[in-house]
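Please keep the structure open beside you as you read.

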Amino acid sequence: MTPAANQSTEPHVVVVGAGAAGMMAAAEAARSGARVTVLEKNTKTGVKILMSGGTRCNITHDTDAKGITQAFGHAKRFLQPSIGKFSPADVIEMFHALGVATKREETGKIFPVSNRAVDVRDALHRSMLDAGVRLELRCSVQRIQPPSGDQNQWCVATESDGNAQELLADRVIVTSGGKSWPGCGTTGDGYDWLRALGHTIVSPRPALVPLVGGNDATHALSGLTLPDVNVSVFTPDHRSGKKPKLERRSSWLFTHFGFSGPAAMDVSGVMTAYDRIQDSTMRLDLTPQTSEAEIREILSKRSGDAGKRTVATILQQWVPSRLAVAICEQSHPTNAQCKLAELPSKECNLMVEKLKRWHLPVNGTRGFAKAEVTAGGVQLSEVDPRTMQSRLAKGLYIAGEILDVDGWIGGYNFQAAFSTGRAAGRAAAQWDDA
């Protein structure tokens, strides 16, 4: 695309949505020579940033570009070009340059030293404005129309304080987010705009979301955190084999409604991909640091003093006391204080199964209201992964969570937002990007 005679030499880029991807795209486009306007329907920018990470904002993860893309399953190859050009190290360097010192936590998560998400949001907001971006808050987009006939610019119809207006642009970048945390304003508005422009929308569903399920035994464990478990999810197309669809090792939280914590939330997106979440099977290894053979060897020592110990006491070397008692009661309900020497082989096998292969029922999730990200969105085959430009509508760019990308908990999704936003902003600022 080249500028028409009545156009300035700098393209006018309109960015819809001032979240992580939007502010990144806007700043990059402005620094690359474009005149940029950002439209945000909220009263402030980066609302979701402010809520993330328990209001601390986990900006990325301590790994390389390949380590980030591995967290995105089917979207791994799509994200390689953008994250390869703007890696976790680059994100950290950017925030340091913006005055936000960062720290690495034991889990590999990268947070601001201040533990304040507002510092992250403010840095992105300030960077965008310093680049010369014009920001319009409380400005809700109603529709986006492509160039047609004599009109060689995009038309973005908006409503602000009850007043309707139309904004003309040479390029449009849509970074309006998905449907997760709708209280932050991410209510999936962009899906209809992009569908009207010919894009396929993969059905949005909650991801990184707490799971609803369990039974009386697990509900009684509400509030119990396990720092290290291994969760495996088997889906209909994987159930016949031994390899799970997804396996994640992290911390786990039993709740009154089911399960939460990083491990449960990381596998949630795979489970919600099916029409019925019950078609997935979730299996828990409570002792990934201890092999089944080691457990069986200890449980086989039944003579002398070893045999006089209660089974619950023995299990406590691997799991917390509340969980040890629960496993005993589930496996040998007639006597939770059974001595090891008196434990029947059948009940011993049941305990090992609970420790290494505990099948937990899941019948739902807490929904978009409690989901940290949205799975589904704009079909990736319809977007150029190098530039984020639509393959269906020249001059339209799509970045961030509105794409069909969702990664693990731990800063992976913010990294994808920064990288895709940067790619879109840089490409949109160029007249000739054919």
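## Helix packing and cysteines

In this predicted model, helix 10 (residues 292-299) packs against helix 14 (residues 345-356) at an angle of about 145 degrees, and their axes are 11 Å apart. The crossing of helix 10 past helix 14 is right-handed. On the helix 10 side, the contact is made by Glu 292, Ile 295, Arg 296 and Leu 299, and on the helix 14 side by Cys 348, Asn 349, Val 352, Leu 355 and Lys 356. By residue type, this contact of helix 10 with helix 14 comprises five nonpolar, one polar and three charged residues.

Now for another pair of helices. Helix 1 (residues 20-31) and helix 15 (residues 412-428) have axes that come within 7 Å and cross at roughly 30 degrees. Because angles under 35 degrees count as roughly parallel, helix 1 and helix 15 are described as roughly parallel to each other. Their crossing is right-handed. Helix 1 contributes Ala 20, Ala 21, Met 24, Ala 25, Glu 28 and Ala 29 to the contact, while helix 15 contributes Phe 414, Ala 417, Phe 418, Gly 421, Arg 422, Gly 425 and Arg 426. The residues where helix 1 meets helix 15 divide into eight nonpolar, two polar and three charged.

Stepping back to the whole protein, you will find 15 helices and 20 strands. Its C-alpha atoms fill a box of roughly 95 × 45 × 40 Å along the principal axes. Of the 434 residues, 57% are buried. Among contacts with a separation of 6 or more, 72% are between residues 24 or more positions apart.

How many disulfides does a search of the whole structure find? The search finds zero. A disulfide needs two cysteine sulfur atoms within 2.5 Å, and the two cysteines in the table illustrate what stands in the way of a bond.

| Cysteine | Closest cysteine sulfur | Sulfur distance | Relative accessible area |
|---|---|---|---|
| Cys 57 | Cys 184 | 12 Å | 0% |
| Cys 328 | Cys 338 | 8.1 Å | 1% |

Conventions:
Residues are numbered from 1 along each chain as its sequence is written. This is a predicted model: local features need pLDDT of at least 70, side-chain atom pairs count only at pLDDT 80 or more; totals for chains, interfaces and linings use all residues. Side-chain values use heavy atoms; hydrogens and water are left out. Buried means under 20% relative accessible area, exposed over 50%, partly exposed in between (1.4 Å probe, protein chains only). Axes are lines fitted to C-alpha atoms, for helices over the stretch in contact, and angles run from 0 to 180 degrees between N-to-C directions. Helices (H or I, at least four residues) and strands (E, at least two) are DSSP runs, numbered from the N terminus. Angles under 35 degrees count as roughly parallel, over 145 as roughly antiparallel, 65 to 115 as roughly perpendicular and the rest as oblique. A crossing is left-handed if the near helix is turned anticlockwise from the far one by less than a right angle, and right-handed if clockwise. Contact means heavy atoms within 4.5 Å. Ala, Val, Leu, Ile, Met, Phe, Trp, Tyr, Cys and Pro count as nonpolar, Asp, Glu, Lys and Arg as charged, and the others, Gly among them, as polar.
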